[in-house]
Amino acid sequence: MKSYPIHEVFHSWQGEGVHMGKSAFFIRLFGCPVKCPWCDSAGTWHPDYVPEDIGKETATSLADRAASSGAQMAIVTGGEPTIHDLTALTEGLKERGMARHLETCGAFPIKGDFDWITLSPKWEAMPLDENLALADEFKLIIENPDSIEKWIRAIGGKIDGRPVWLHPEWSMRDDKATLESITGFVKKHGGFFRAGYQLHKLYHADELDPDVQKPAPLGGKPELGY
Ligand code: SF4
C-alpha cells in the first residue's frame, strides 16, 4: 500500500490564491531538492530541522482523514510534493469526493489527478513547460522590486489568461519598495495580475490545529525570522 512521508497534516483554510478563505485539509509532505533561500516550509527539507525518523502515512489513511475533516478541499503541498508519486493519494481523495488541489514549483512531472494546480515557479528549479500549461493559477514570489519584470521576461509568454498572484516574499512583507512594485504593476497592467498575500499567516490560522508542527525559520536561517 502506498504511503507518504508526512511533515504535518492539519485542517485550516486556504490563505492564498483564487480559493482563499475556503476550509482546507492540508497534507504537507517531506522533501524538497530545490532549497529556496527564504523557503517558508524549510522544516520539510533543511537538515537542521528534518527529524531522523520521518513518519509515514498511507494514502488510504490520509484520504479518510481528509474526507472526515469537513474541509471543502484537500491541498497536497510540501516541501515539493511532486517528487512523490501522488496517484494513489489523489485516487483515494477522489473516491471520497474530495476536491484535490496541488501546490507545486512545477519543476518535476506531476503524477496524480488534480482539480486545481497552483504553480509557484522558483529560480532554483524552473518549471517544466508541461506544468506551466497545466496550472490553474500562478504565484510569483516577489523578492525585491525587480522580481516582477524578471519573472515576466522568463515565463510571461506562457502564463497568459490565468490568474497570476504577486506575493511579497515573507521576509520582505514590510519592505516598502517591494510592496510598491506590486501595487504599481497591478495598477499599470491589471488583467490577470493580482496583488497577493498569505492571509492565513495574519490570522495565525494554521497554528490553531494541534497537529501543526513548530515552524522552521525561513530558509532554515534564524536571521530571516519566521
Ligand atoms: S519554497 Fe517550495 S520549492 Fe522552494 S525550497 Fe521551499 S518547498 Fe521547496
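1. The shell around the ligand in this predicted model divides into 5 nonpolar, 3 polar and 3 charged residues. Going through the names, you will find Cys32, Val34, Lys35, Cys36, Cys39 and Ser41 around the ligand, along with Gly78, Gly79, Glu80, Cys105 and Lys122. If you plan to look at the ligand's surroundings, that list is the place to begin.

2. Helix α1 spans residues 59-69, and its buried residues are Ala59, Leu62, Ala63 and Ala66. These four sit on the same side of α1, because the arc they cover around the axis is only 95 degrees.

3. Now to strand β5, residues 99-104. Is this strand mostly covered or mostly uncovered? It is mostly covered, since 5 of its 6 residues are buried.

4. With β4 it runs parallel, and 4 bridges join the two strands; Met73 has Ala99 in β5 as its bridge partner. Strand β6 (residues 116-119) is likewise parallel to β5 and joined to it by 4 bridges. Here Leu102 stands opposite Ile117 of β6. When you inspect the side chains, keep in mind that in a regular strand they alternate between the two faces of the sheet.

5. My last stop is Arg162, in the loop that links α4 (147-155) with β8 (164-168). Why does this residue count as partly exposed? Arg162 has 13 other C-beta atoms within 10 Å, whereas a buried residue would need 20 or more and an exposed one 12 or fewer.

6. Which residues does Arg162 touch, leaving aside those up to four places away in sequence? They are Ala135, Asp136, Glu137, Phe138 and Phe192. For Phe138, 24 residues away along the chain from Arg162, the separation between the two C-alpha atoms is 7.5 Å.

How values were computed. Residues are numbered from 1 along each chain as its sequence is written. This is a predicted model: local features need pLDDT of at least 70, side-chain atom pairs count only at pLDDT 80 or more; totals for chains, interfaces and linings use all residues. The arc is that of the directions from the helix axis to the C-beta atoms. Two strands pair if DSSP finds at least two bridges between them. A residue is near a molecule or strand if its C-beta atom, placed from the backbone, lies within 6 Å of it. Ala, Val, Leu, Ile, Met, Phe, Trp, Tyr, Cys and Pro count as nonpolar, Asp, Glu, Lys and Arg as charged, and the others, Gly among them, as polar. Two residues are in contact if their C-beta atoms, placed from the backbone, lie within 7 Å.
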